[in-house]
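Please read the following walk through a protein model with the coordinates open beside the text.

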Amino acid sequence: MIRILLCCGGGFSSSALATKVGKDIVENNLQNDFYIEFSPFSLAKEKMNEFDIVVCCPHLRFDVKRMIDNLNPDKPIYILPPRMYGLINIQELSLDAIDVIELYNKTKVNPVHFPGEEHVLRITRNVAYRNQKSYDLV
């Protein structure tokens, strides 16, 4: 099972999105494969050890950088592309989560980003990376 912590600034949008994704998990019978919970980013460091991946909304990119510089967390941290965050669903999120964890295990670099996606606000995809481009992780 992959446990996902979804973070936004105050927990408001991540609460709604985590609820939507939680329903998607149940509707697709993926309860044994994925679990999602939301949190304000300010509480993420206290909760991240309970999760396999921390997924953040796009506007947290500077907060994520500060956290990485100060704490050097040993969990993959992924900043979702803006369109994917707005249209979040478990089918696409699950693929990115699997691929981000795999990429992090190879590189140990945070935040995790896919090749060519170093600047999150320039990313225009609303689907998982592997569904957008040829799938070839480093």
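The charged end of which residue sits over the ring of phenylalanine 51? In this predicted model, that place is taken by arginine 3, whose charged end is 5.0 Å from the ring centre.

The structure holds three aromatic pairs. In one of them, tyrosine 35 and phenylalanine 51 are stacked, with 6.4 Å from centre to centre and 20° between the planes. This pair links distant parts of the chain, since tyrosine 35 belongs to strand S2 while phenylalanine 51 lies in the loop between helix H2 (44-47) and strand S3 (53-56), 16 residues apart. Phenylalanine 51 counts as buried at 1% relative accessibility, whereas tyrosine 35 is partly exposed at 29%. Tyrosine 78 and phenylalanine 114 form an edge-to-face pair, 5.9 Å centre to centre with 80° between the planes, and both of these residues are buried. Together with Tyr129, Tyr78 and Phe114 make up one aromatic cluster.

Glutamate 37, which lies in strand S2 (residues 34-40), has a side chain joined to that of tyrosine 35 by a polar contact of 2.7 Å. Beyond its neighbours within four places in sequence, glutamate 37 is in contact with residues including Lys47 and Phe51.

Turning to the cysteines, a search of the whole structure finds zero disulfides. For cysteine 7, the nearest cysteine sulfur is that of cysteine 56, 4.9 Å away. Cysteine 7 and cysteine 57 are each buried, with a relative accessibility of 0%.

Key:
Residues are numbered from 1 along each chain as its sequence is written. This is a predicted model: local features need pLDDT of at least 70, side-chain atom pairs count only at pLDDT 80 or more; totals for chains, interfaces and linings use all residues. Side-chain values use heavy atoms; hydrogens and water are left out. A disulfide is a pair of cysteine sulfur atoms within 2.5 Å. Buried means under 20% relative accessible area, exposed over 50%, partly exposed in between (1.4 Å probe, protein chains only). Helices (H or I, at least four residues) and strands (E, at least two) are DSSP runs, numbered from the N terminus. A polar contact is a pair of N or O atoms within 3.5 Å; within protein, one must be able to donate a hydrogen and the other to accept it, and residues adjacent in sequence count only if both atoms are side-chain atoms. Contact means heavy atoms within 4.5 Å. Rings of Phe, Tyr and Trp (its six-membered ring) pair if their centres lie within 6.5 Å; planes under 30 degrees apart count as stacked, over 60 as edge-to-face and the rest as tilted. A charge sits over a ring if NZ of Lys or CZ of Arg is within 6 Å of the ring centre and within 35 degrees of the ring normal.
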